[in-house]
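Dear colleague,

Please find below the structure that I am handing over to you. My findings come after it.

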Amino acid sequence: MPAKSSEFVAVVLAGTKGSRLFPLTSGEIPKHLMPVGGVPILSRLLDTIQSSGFSSSIIAVSGDDSVTVPFLKDHGFSVKDSATTTDKPDVTADPFLDQQHGLEHGSSNPHVTLEQKDISNNKALQSFEVTVVPLSEDCAGSAEALRQLDASIPSKSHVVVIPGDLVVLEEKILTKLVDTHRQGNVEVLTNPHSAVTMLLADVGEQDEHGIPLKESAKQKKGGLAREIEDIEYIGLSFASNDAISTRTFKQAPRVIWKQSKMDVEDDDGTGSTPKLRFPKMRLHASSITRVRTDWSDLHTYAVSPWVRQLLVARPHADSLQGDILPLLVSRQFKGVLATFGETALQENKDLVGNVLGQPPFAATADETSPEMDSSTTDKLLDSSGKIHSYAVSAVVLESKSEKSTNSNTAMALRASSVPAYLYSCRELVARAVEDDNHIHNHCLKLPEKTQLQTKFHS
């Protein structure tokens, strides 16, 4: 089912230059405009977002970005609303940037909205809006970026956070993430609702004998070897053993562990066998738990509205991946009050009370409190039970082994480093060579008049 514009909002985080892509990004081209298969990553992402049913998207760029808006204008977008002034603090003081965006110098929360008219006969895709919002210079991570974008996002909308270096190689991936997150927030009376739904890629490879390959062996075979800082121990809890064997999940697996491999091995000391110590409350007799290091976090998340309030209550959390997700994973079994913490309960009492008084914690309309007073807030904060529980869910993208240049390739990956970027370029072209219908597949789009050499996969 497509993502409804008011229900889900797509946010592309393109505010970093891409230091790990140096020297490719040493010039004026940021990483979200780097070409993959001859087409810039941002152009591919916008096609994917639009085909997933979104009618609009927000692109968060750095405060000194002066190339994204001209790029969009050169690719079929026209300015719809040059500026919108809000009560948010000034996020740029650069008069040159203001001039590029058509703004008056010193305006509050300057952004530019562009619109692309679809010239095809598909009435469902007649127009697509993109709002480019510059972030402040002191924006330290994805969590802070969402705080600065809060005024541009409807308060009751779920946010699909997408990194600006994501390369999608298969269609309907974002649609699957949205549908899984939506399903996790429908059955809140029988199961904990999904606070965040993560997108994971299975990057595991095996040799001819079925033995898992190490990262160094993947590189020797022409695959993608991850750097040590990108490898994590991720634990998923599945509803039944049958779901694992058939790869079909009636209920999305629950993320019960997420820790960097470097942190695990540093804790145990050099040369010792890594040990993961699970709290008993995370293990249930009715579920099957698997812990692997070849599930790769793509930093693509569907985030529920109340989690954005958590960002406000925890202003020192800079990163979704490094700060907020570990907090949610560890506190999901203790409830939402433990997630906000004692400090937030004291300093943001009304905010926490408002979260508990709205869906999904107030699961029905009768339970929802339209106006929160002090007595109602105290009553909600004093209440306890399953209404405060939630879950961190995951969508696992299985690797593709058929008709591929390598033994296994993920359906999506991040071009966040030079090896990953070169690998994504090669893999996309290889898939386009193998797919006779690649012209109609936006994920495998190539520049016009491109000639493919099937013999050399180039």
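The notes below cover the basis of the values, the chain as a whole, its cavities, and some helices and residues.

This is a predicted model, in which local features need pLDDT of at least 70 and side-chain atom pairs count only at pLDDT 80 or more, whereas totals for chains, interfaces and linings use all residues. Residues are numbered from 1 along each chain as its sequence is written, and side-chain values use heavy atoms, with hydrogens and water left out.

The chain

The chain contains 14 helices and 16 strands; helices (H or I, at least four residues) and strands (E, at least two) are DSSP runs, numbered from the N terminus. Of its 458 residues, 49% are buried, where buried means under 20% relative accessible area, exposed over 50%, and partly exposed in between (1.4 Å probe, protein chains only). Among contacts between residues at least 6 apart in sequence, 70% join residues at least 24 apart; contact means heavy atoms within 4.5 Å.

The cavities

There are two cavities of 30 Å³ or more. A cavity is a set of points, on a 1 Å grid over the protein atoms alone, where a 1.4 Å probe fits but cannot get out, and lining residues have an atom within 4 Å of a point. Grid points are joined across faces, edges and corners, and a volume is the space filled by probe spheres set on the points.

The largest cavity has a volume of about 40 Å³. Its lining consists of Arg44, Leu45, Thr48, Leu166, Val167, Val168 and Cys443. By class, five are nonpolar, one is polar and one is charged; Ala, Val, Leu, Ile, Met, Phe, Trp, Tyr, Cys and Pro count as nonpolar, Asp, Glu, Lys and Arg as charged, and the others, Gly among them, as polar.

The second largest cavity has a volume of about 40 Å³. Val196, Tyr301, Val303, Val307, Leu320, Ile324 and Leu325 line it. Two or more lining residues come from each of β14 (295-303) and α10 (320-331), and α10 gives the largest share, three residues. This lining has seven nonpolar, no polar and no charged residues.

How do the axes of α4 and α10 cross? The axes of α4 (residues 142-149) and α10 come within 7 Å and cross at roughly 85 degrees; axes are lines fitted to C-alpha atoms, for helices over the stretch in contact, and angles run from 0 to 180 degrees between N-to-C directions. The two helices are therefore roughly perpendicular, a term for angles of 65 to 115 degrees. Ser142, Ala143 and Leu146 of α4 meet Leu320, Gln321 and Ile324 of α10 in this contact, and these residues divide into four nonpolar, two polar and no charged.

Leu327 also lies in α10 and is buried, with a relative accessible area of 11%. Leaving aside neighbours within four places in sequence, Leu327 is in contact with Leu310, Arg314, Thr339 and Tyr390.

Helix α9 (residues 305-313) is largely enclosed by the rest of the structure, because seven of its nine residues are buried. Among the buried residues of α9 are Trp306, Val307 and Leu310.

Val291

Val291 belongs to strand β13 (residues 288-292) and is partly exposed at 34% relative accessibility. Leaving aside neighbours within four places in sequence, Val291 is in contact with Tyr233, Ile234, Gly235, Leu276 and Phe278.

Yours sincerely

How values were computed
1 Å grid on protein atoms, 1.4 Å probe; cavity = no way out; pocket = protein on both sides within 12 Å on 5 of 7 lines; lining within 4 Å. Parallel < 35°, antiparallel > 145°, perpendicular 65-115°, else oblique.
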